[in-house]
Amino acid sequence: MTALASSLTEQKQASVSPPLWLLAELTYRCPLQCPYCSNPLNFAQTTSELTTEEWASVLRQGRETGAAQLGFSGGEPLVRQDLGELIAEARHLGYYSNLITSGLGLTKAKVDDFAQAGLDHIQVSFQSSDPDLNNAVAGSRKAFAQKLAMARAVKDAGYPMVLNFVIHRHNIHQMNDIVALCERLGADYVELATCQYYGWAFRNREGLMPSRAQLEKAEYEVNQNRARLLDEGSAMKLIFVTPDYYEERPKPCMNGWGSLFLTVAPDGTALPCHSARLLPIEFPNVRDKDLKHIWYESPGFNHYRGNSWMPEPCRSCDEKEKDFGGCRCQAFLLTGNADNADPVCSKSPHHDRILAARQAAECATASIEDLTYRNDSNSRMFFRG
Amino acid sequence: MVTANPATNAVTTTNIPRFRRGFRFQWEPAQNGHVLLYPEGMVKLNESAGAILAEIDGQRCVRDIVAVLEAAFPQADALESDVIEFLEHARQQHWIELS
């Protein structure tokens with residue numbers, strides 16, 4: 001490398017901050033079939049997973065590049081028999097490690113072993129506060145009972161506990177029951193995450209998106225519960241992620257492209273977010289390049305950094321530093337071109353697509369059985385010509 | 001789950017602070033500073049916040065922590081009220097617990 005090239009590289013690195021978050025999607029395999037899964041529709045096409053050694057190397061490189069938070073996710077990360085080993089490696093490297101799990105495949109012994117190995121936190125996802133609805137959405141008859149047992153085991157082992165509920169039109173009326181269940185289980189944080197329409201959720205959007213009236217009622221109930229918890233001196237925090245389809249300005253997606261987050265998919269593909277795989281951009285693989293190079297130098301990670309790529313109306317917009325033009329994946333899914341302004345923005349010439357989705361949510365009739373479940377055989381429909 | 005009402009039980013010099021389970025305080029070379037890590041989140045601490053939290057070991061009371069800091073920063077004036085004010089903030093954020 002010439003002196004000039006090396007000084008240019010240093011300058012570029014100085015303007016890009018390190019990735020503070022590493023999301024390790026260990027596998028796309030999962031015993032559940034949630035129809036809002038964020039994994040790609042064609043996940044079943046990915047058969048090659050990184051080995052234990054390769055993951056350990058990714059963790060080391062991520063830490064050296066500056067990551068402090070680590071998420072073990074999937075699919076269901078518990079499917080990987082080497083999870084305990086990777087947890088121990090993460091602790092050794094100084095990560096704060098989070099296990100993001102459905103609870104299926106977890107046992108009390110594993111909960112204790114992982115704590116011993118240095119796991120900091122376990123997030124258990126639920127589909128509903130009601131066993132029947134939970135199991136119908138998850139596509140598994142035994143899911144709810146197992147989740148309850150594991151939430152109790154997590155609490156007994158002394159971990160901080162985050163319970164995650166993905167919210168959609170079929171469970172958005174349950175806010176009070178969900179909060180009550182979380183209080184009984186002793187959760188520290190409750191994430192009420194309204195569906196984000198990517199992956200399987202985009203495919204099933206009409207059957208998932210709540211109406212405005214449903215959303216407003218839910219927001220009211222969450223606020224009532226927050227006020228009550230504060231009053232009672234409870235440390236339980238409610239985090240309500242509202243759907244951006246009801247906003248007039250887009251979310252600052254991932255806090256900006258390639259600014260904080262780095263996802264590594266099961267086959268080693270490195271991505272600026274876990275949905276970006278659907279974009280027509282070539283992303284690097286950790287089997288070919290080291291993470292530092294991937295983060296600072298790869299065309300994929302530099303593609304939407306800064307704002308020189310923006311067309312109108314973003315280019316001349318005085319809010320472009322605030323929201324970065326919104327989400328590239330959403331722009332691609334709704335307009336066919338990822339450069340466009342996120343159509344959530346009322347200034348976008350494609351905002352009518354958001355309005356149409358809201359309209360559809362007013363008169364949707366699909367039941368849970370009408371959704372396309374996330375499983376291998378449905379996934380194969382998306383890559384067999 | 002239910003802790004004392006944040007409006008009462010303010011920090012006093014005899015309290016012994018400790019980090020709440022799930023909260024980890026550490027030095028991050030890449031950020032050139034101390035951070036507090038917790039489930040899926042991170043707070044970057046400024047220099048004085050880092051210096052105060054670095055003295056929390058679950059053994060020493062607030063008065064001892066103030067004494068250690070005053071010895072380490074002799075050029076500073078009396079630190080007790082600043083330290084208590086910051087620990088009170090940390091308590092209200094549920095970063096620390098008191099005994």
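This is a predicted model: local features need pLDDT of at least 70, side-chain atom pairs count only at pLDDT 80 or more; totals for chains, interfaces and linings use all residues.
Let's begin with the rings. Over all chains, a search of the whole structure finds 13 aromatic pairs. One of them joins Y197(A) and Y245(A) in an edge-to-face arrangement. Where do these two partners lie in chain A? Y197(A) belongs to the loop between β6 (189–194) and α8 (199–203), while Y245(A) belongs to the loop between β7 (237–241) and β8 (261–264), so their pairing ties together parts that are 48 residues apart in sequence. Y197(A) is buried, with a relative accessible area of 1%, and Y245(A) is buried too, at 0%.

Y304(A) and W309(A) also form an edge-to-face pair. Are these two residues buried or exposed? Y304(A) has a relative accessible area of 5% and is buried. W309(A) counts as buried as well, at 14% relative accessibility. Buried here means under 20% relative accessible area.

| Pair | Centre to centre | Angle between the planes |
|---|---|---|
| Y197(A) and Y245(A) | 5.0 Å | 80° |
| Y304(A) and W309(A) | 4.7 Å | 75° |

Rings can also join up into a group: ring pairs link Y28(A), F43(A), W200(A) and F382(A) into a cluster. Another arginine, R305(A), lies over the face of W295(A), at 4.9 Å from the ring centre.

Notes: Residues are numbered from 1 along each chain as its sequence is written. Chains are lettered from A and ligands numbered from 1 in the order in which they are written. Side-chain values use heavy atoms; hydrogens and water are left out. Rings of Phe, Tyr and Trp (its six-membered ring) pair if their centres lie within 6.5 Å; planes under 30 degrees apart count as stacked, over 60 as edge-to-face and the rest as tilted. Helices (H or I, at least four residues) and strands (E, at least two) are DSSP runs, numbered from the N terminus. Buried means under 20% relative accessible area, exposed over 50%, partly exposed in between (1.4 Å probe, protein chains only). A charge sits over a ring if NZ of Lys or CZ of Arg is within 6 Å of the ring centre and within 35 degrees of the ring normal.
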